Amino acid sequence: MATSAKRNKKPKRTSDQASEQTYREKWKWDDVVRGSHAVDCYPSVGACPYWVYMKDGEIQFEEQSGAFPIVEEGVPDFNPMGCQKGSCWHQMLKAKERVLHPLKRVGERGGGEWEQVSWDQAMEEISDGILDAIQEIGPESIFSPNGANACAYGVMAQRRFSAITGTLLADFDTDVGDFSPGMYLTFGKLTAASEDDYAHSELILIWHCNPSYTRIPFYHFLTEARYKGAEVVLIAPDYNASAVNTDYHVPVKVGSDAALCLSMCKVVADEGLMDSTFMKEQSDLALLVRVDTRHFLRGNEIEDEGRDDQFYFYDQASKRVVEADRGSLALGDVDPALEGTYTAVLANGEKVKVAPVFELLKERLKQYEPELATEMCGVNPDVIRSLARKVASKKTHVYEGLATGKHYHGDLMGRSMYMLLAMTGNWGKKGTGPTYWNVPPTTAGQLDEMRRAGTKEELDMLLAGYDGMLQAVKAQDPTQSDEVAAIEGLKQVTAATSMLVPPVWWWYYHVGFRELWNKRDWHDPSMKREFDDYFNEALEKDWWQGVDVPREDQPPRVMMHVGDNLLRRTRGGKTMFLKHLWPKLKCIFTVDVRMSTTAMYSDYVLPAAQQYERPSAMGLAHTLFYTMADKAVEPAGEAKPEWQIFRLLCRKMSERAKARGMTEYQDRRGNVYSLEDLESVWTAGGTMVDEEEMTAQGIAGSSDMGTLPEGTTIETMREKGVVRYEDWGFVPYAQSYATDIKPDETMTPFRRHIERKDPYPTLARRAQFYIDHDWFLEAGEELPAHKDPPKMGGDFPLMLTSGHSRWSIHANNIANKLMLETHRGRPHIVMNQEDAAKRGIADDDEVRVHNDMGFFLVRVKLASSVRPGQVICYNGWDHYQFKDWHGPNDIEGAMAKWLGFAGGYGHLRYWPFMWSPVQTDRGTRVEVSKSG
């Protein structure tokens with residue numbers, strides 16, 4: 001048979017052979033380099049290890065390297081780690097939108113006319129703009145938004161430039177809207193688990209997330225958890241792509257998640273499914289509240305010299321009011337009551353009624369009987385009861401996306417989620433708990449912004465100085481754990497020295513949001529006073545002292561964008577920024593690899609080196625691996641790494657200052673900045689010049705610090721591709737995971753709270769669900785509650801929601817030709833057929849989406865997977881891809897909830913990436929009509 005088949009086989013035609021050879025040539029290479037993509041596609045930022053294949057000095061293709069070892073026996077590894085965007089990343093190096101030379105605007109901003117200029121000319125004119133602004137107003141008039149794609153050294157370049165010049169840099173979390181106020185209110189920090197920890201879960205609740213779109217590298221952990229027997233539940237208004245591989249889809253109304261959560265809490269309480277021991281130990285639910293004032297019973301009321309942050313239990317064993325230990329969660333012989341009403345005797349002899357927080361919560365939960373909650377959230381009562389019982393009986397993990405804080409009442413939603421976990425004992429144990437995001441373990445490279453010598457001796461001094469600060473803070477209050485003391489120390493340093501500030505003051509005074517945020521009918525109806533009453537009270541009481549800049553008398557003059565696309569991604573977009581801010585700016589420059597919407601409206605566009613064009617290394621807690629992202633090719637055209645661009649800027653600023661006779665200036669705090677040799681300061685006396693050497697120093701320094709294994713070098717990183725972190729390092733963020741990194745285990749946060757009884761960094765030193773700040777009491781939000789989304793954008797019948805597109809990382813890949821061929825290749829909204837029929841709209845019609853903010857034109861896709869009353873427009877599309885250059889963020893309501901400005905209360909104090917007001921966009925009210 002084989003002989004017959006061979007005899008009957010037709011010979012290949014010459015054309016077939018040529019075609020085959022052409023295809024084979026495509027996959028030939030003569031060199032291979034380890035690479036990655038240091039972009040903010042959380043949670044896999046900088047963590048996807050790739051092989052980059054070269055031929056004749058040019059990149060041909062890339063593929064996932066599968067470099068991760070097994071961490072824990074029986075738990076799937078992280079391989080292969082990557083997505084379709086990363087696998088065609090090199091195409092952006094020569095894409096049409098790539099910026100290859102310094103460009104200067106010709107004509108009006110946004111007119112699209114440019115002239116190519118030299119680096120020297122660009123740096124000279126930008127330097128003059130910066131010096132003009134310093135002389136006219138001060139360094140506070142120079143502002144840098146903090147975008148999501150400040151690649152590798154772009155982040156540190158921004159921060160170092162701000163540190164040595166006194167210019168302002170926006171807080172990343174506030175700026176991009178990734179802050180979770182509910183998580184911070186509850187725990188005093190943000191946190192996340194390693195993605196492989198889901199393998200230990202028995203129930204996974206996907207909330208405010210669409211992981212099949214946004215967490216492609218990690219999605220396999222969800223399917224593998226199901227394979228092991230876990231149930232996966234998607235809670236979302238729409239039946240999105242992630243619902244396909246889940247066990248249940250729970251279709252809540254937009255913005256009603258708190259009602260669903262609290263109804264489940266009601267079921268857990270009524271059916272006796274609570275983990276009472278966990279609640280008493282880990283949360284504030286057993287702390288006593290005065291019935292008359294609704295404030296916590298505090299030490300300065302019980303004793304003349306008592307502390308105002310000392311709280312109390314009612315001990316059922318001794319039948320008396322006793323102090324709650326501030327230094328440990330261990331209860332010892334105390335058995336705190338969760339229910340009932342008791343009497344406390346004050347220092348003046350007065351007797352007052354007190355009740356545990358849970359007693360008050362029970363009263364609130366009466367509003368959320370499943371049959372009542374159904375009207376609020378749209379979920380069947382039987383589903384609510386069934387899901388509550390599952391949470392109470394299984395190791396439950398909340399797989400939370402970054403959208404919670406993007407809802408106006410996202411704080412209430414988050415607090416309600418964590419309440420459900422607290423009542424069922426679901427955190428601090430493998431496979432359980434909430435997860436959001438937080439910074440990675442400390443590496444030496446993260447200290448580059450503050451270094452002045454760049455030597456190992458200086459690194460040792462910085463570490464010793466940090467330890468000294470920690471001990472000094474703990475000496476003030478010995479009950480503080482290392483974590484609590486580290487956070488307190490950072491709060492003090494931030495108020496005194498930080499150039500990193502929440503951008504809300506910038507928005508309020510200089511971008512027109514004062515008028516928007518004072519639209520009473522766009523806020524929650526329960527707000528008792530005008531928005532400005534709260535805003536002004538916060539300033540008058542100095543709750544934001546040190547970071548409440550720029551003020552009204554400090555108008556912006558220079559804005560610099562690094563890895564940022566402010567006009568596309570900021571709520572309010574072109575509607576607010578072009579109208580209110582752009583006329584005030586005398587110089588706008590953008591450092592980017594491509595011509596973005598914001599670049600098009602800039603005065604100068606400076607070409608940055610792309611991934612694969614400079615070395616770096618980075619990682620996150622979601623993998624606990626540090627990844628090498630090496631250099632494969634030289635920067636295209638005249639592109640430069642961000643570090644070198646700012647080095648040139650420093651050099652030119654000194655030259656131009658000397659020509660003016662300027663030698664120094666002061667910032668708002670009286671700090672003096674010298675202009676005489678900024679380049680030397682920038683390079684730490686010539687020790688921080690080259691990206692190769694800086695990457696090597698950062699890796700070796702991290703090994704010396706103990707964050708990376710002993711002996712880790714840039715050479716070993718190039719050999720292995722990835723290396724697992726061994727320790728968190730010292731920064732407060734890393735300490736906030738409150739767990740030890742173990743070489744052969746997944747990472748579950750909060751284990752130190754459970755196992756060592758370490759306190760939480762909250763006012764109550766426990767997970768705090770009762771916030772007795774006067775504003776919260778006034779709003780009726782001292783405990784979690786459900787409130788309907790306000791009418792942001794105006795009184796319109798539909799709610800606009802969003803999410804990250806599967807086909808781009810923010811807008812990075814949005815014009816990638818290969819990626820465009822995998823989908824419709826143009827913006828669209830998704831709308832329910834019933835809503836469309838009422839408006840005479842057919843599939844693929846061009847429609848006008850509008851509200852009182854403005855409008856945008858787009859094609860429509862009709863789908864029953866979208867809830868009636870909901871309209872979805874996935875983000876990432878640049879404005880030039882829309883007709884008339886109007887996009888969805890131009891009509892987002894962009895309201896800031898007034899409670900975000902609260903301060904002067906325990907943990908409600910700013911430190912970078914934590915506790916700040918945020919703009920919101922989910923649930924913006926719109927109408928959709930047929931275009932034309």
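View 1. Averaged over the protein, pLDDT comes to 94, with 97% of residues at 70 or more. The stretch to treat with caution is residues 1-7, where pLDDT stays under 50. Those residues have zero contacts beyond four places in sequence. Low pLDDT means that predicted coordinates should not be read in detail.

**View 2. Helix H9 packing on helix H14.** H9 covers residues 257-270 and H14 covers residues 381-393; their axes sit 9 Å apart at an angle of about 70°. That angle falls in the 65 to 115 degree range, so the two helices are roughly perpendicular to each other. The crossing is right-handed. On the H9 side, the contact uses Leu260, Ser263, Met264, Val267 and Val268, while H14 brings in Ile384, Arg385, Leu387, Ala388 and Ala392. Sorted by class, that makes eight nonpolar residues, one polar and one charged.

**View 3. An open sheet of eight strands.** Going across, the order is S5-S4-S21-S20-S19-S6-S7-S18, with mixed pairing. S5 (114-116) and S18 (500-501) are the edge strands: each has a single partner strand, so one side of each has no neighbour in the sheet. At the S5 end, S4 (residues 103-105) pairs with S5 in the antiparallel sense over three bridges. Zoom in on leucine 103 and you'll find glutamine 116 of S5 as its bridge partner.

**View 4. Helix H3 lying across the sheet strands.** H3 (residues 119-136) lies across S4, S6 (142-144), S19 (558-562), S20 (587-592) and S21 (604-607). Relative to S21, H3 runs at about 125°.

How values were computed. Residues numbered from 1 in each chain as written. Predicted model: local features only at pLDDT ≥ 70, side-chain atom pairs only at ≥ 80, totals over all residues. Heavy atoms only, no water. pLDDT = per-residue confidence, 0-100. Contact = heavy atoms within 4.5 Å. Axes fitted to C-alpha atoms, helices over the stretch in contact; angles between N-to-C directions. Helix = DSSP H or I, 4+ residues; strand = E, 2+ residues; numbered from the N terminus. Parallel < 35°, antiparallel > 145°, perpendicular 65-115°, else oblique. Left-handed = near helix turned anticlockwise from the far one by under 90°. Nonpolar A, V, L, I, M, F, W, Y, C, P; charged D, E, K, R; others polar. Pairing = 2+ DSSP bridges.
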